[in-house]
Amino acid sequence: MAVWRLGSTKMRHSSSSSMAKLGFIRNIVTNCRAVILPRFGGPEVLEIRHDVKVPDLKPHEVLVRTRAVSINPLDTRMRAGYGRSIFGPLLPLILGRDISGEVASVGTSVRSLSVGQDVFGALHPTAMRGTYTDYAILSEDELTPKPASISHVEASAIPFAALTAWRALKGTARIAEGQRVLVIGGGGAVGLSAIQLAVATGCHVSTTCGVQSIDQVLAVGAEQAVDYTREDVETAIKGQFSAVLDTIGLPETERMGVNLLTKGGHYMTLQGEAASISDRYGIFAGIPLSTGILLKKQMQYRYTHGIEYWWTYMRADSEGLDEIRRLSEAGKLKIPVEKTFPITQVREAHAAKDERLVIPGKIVLEVD
Ligand SMILES: NC(=O)c1ccc[n+]([C@@H]2O[C@H](COP(=O)([O-])OP(=O)(O)OC[C@H]3O[C@@H](n4cnc5c(N)ncnc54)[C@H](OP(=O)(O)O)[C@@H]3O)[C@@H](O)[C@H]2O)c1
């Protein structure tokens, strides 16, 4: 791989040597191809550019030669303007959170990864330079070695969704062996990850999903799967749960979720309102307003139901990523990929994700 470490090379220019003293690494890959979002809109706004700057590596960062990136709902929502209060001033930007590829270069303090190694991982939701590019930059703790038993395409489908599920079930609810867990909307990538993480912990899992996902959720270990399009979910699901992860976040799924919890149980929705409220009222009014709404709901539910209520968000977490790698390697955590597109067809891929009835599962962009 043609990369050049500033720190290990004699430089003529004083600005470059001061960069080296700061521990920055200048890559010989100074420009590369990337999918750019110049403005919010439909799939047609996405542009492929070939001269996008690759920033110098900070000490804890890793340059990854991208092989596959999966499309998350956050990518298509950001493209359409979700989070505009945060991302609007940063346009043009590069979309994409998930990645699988090879390490092309490492920062001066990186110890756990080396050049040439296959890795996978995911960026934080608010990262500015995404992974829809030939060369992506992630922190060391956002990456982990890719198991040899799974392809780059398979690996790229896992981390963002699985880390979201991990944060909720392990980081927030701290689920334990023998507990009952309900996943509302188990057919999507986060739902499937949550079922598999809970099963691997020794929990008993019930879930709701569309008819096309029933076989899949049962195959990965759910003990009960209720088709929300045909059955009355509230009467079909019996008993009480220690944790409810709601990937849908509608008023009726929230009502059902909080009513099915044991005292002290955790209801966690993925549809927290911090970004949408900030988009409506601006970030300076939106953050305190959404915090106030969350605190009020938390107090209300504690008083009326004796439960803990959370908006949960994906967060990079090296402990979580480690467990996700171990489970993926053991074949206990898989996210089926429905279709792949070459990155040059990113507009078609986003259009397909928008029309989820055409391709219901995970879509991955392949980068050659
Ligand atoms: N808070 C966070 O940090 C965070 C992180 C990741 C994802 N999310 C959000 O969590 C949700 C799930 O993400 P994902 O990656 O799992 O998405 P995904 O793989 O695209 O799956 C979404 C699944 O949800 C179900 N679904 C979609 N639209 C629906 C609707 N209108 N009514 C009922 N069910 C519907 C479908 O399951 P069936 O086929 O079984 O019907 C679908 O497979 C998304 O809304 C995403 O934006 C939030």
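Tutor: In this model, 10 residues of domain 1 are in contact with 12 residues of domain 2, where contact requires that the C-beta atoms of two residues, placed from the backbone, lie within 7 Å. Helix α3 (residues 84–87) supplies the largest share of the side of domain 1 that touches domain 2, namely 3 residues. By class, that side has 6 nonpolar, 2 polar and 2 charged residues. Here Ala, Val, Leu, Ile, Met, Phe, Trp, Tyr, Cys and Pro count as nonpolar, Asp, Glu, Lys and Arg as charged, and the others, Gly among them, as polar.

The model is predicted: local features need pLDDT of at least 70, side-chain atom pairs count only at pLDDT 80 or more, and totals for chains, interfaces and linings use all residues. Residues are numbered from 1 along each chain as its sequence is written. Helices (H or I, at least four residues) and strands (E, at least two) are DSSP runs, numbered from the N terminus.

Domain 1 covers 31–157 + 335–366 and domain 2 covers 161–311, with bounds from an automatic or database domain assignment. The C-alpha centres of domain 1 and domain 2 lie 26 Å apart.

Now the ligand. The shell around the ligand draws at least three residues from each of domain 1 and domain 2. Of the 23 residues around the ligand, Pro73, Gly187, Gly188, Cys209 and Gly210 come nearest; a residue is near if its C-beta atom, placed from the backbone, lies within 6 Å of the molecule. Helices α2 (73–80), α5 (159–172) and α6 (189–201) are the elements that give two or more residues to this shell, and α6 gives the most, with 3 residues. The shell has 12 nonpolar, 11 polar and no charged residues.

Cys209 is also part of the range of strand β10 (residues 204–209), which runs parallel to strand β11 (residues 224–227) and is joined to β11 by 4 bridges. Strands pair if DSSP finds at least two bridges between them. Thr207 has Ala225 in β11 as its bridge partner.

Elsewhere, an open sheet of 3 strands has the order β2-β1-β4 with antiparallel pairing. Its edge strands, β2 (47–53) and β4 (93–94), each pair on one side only.
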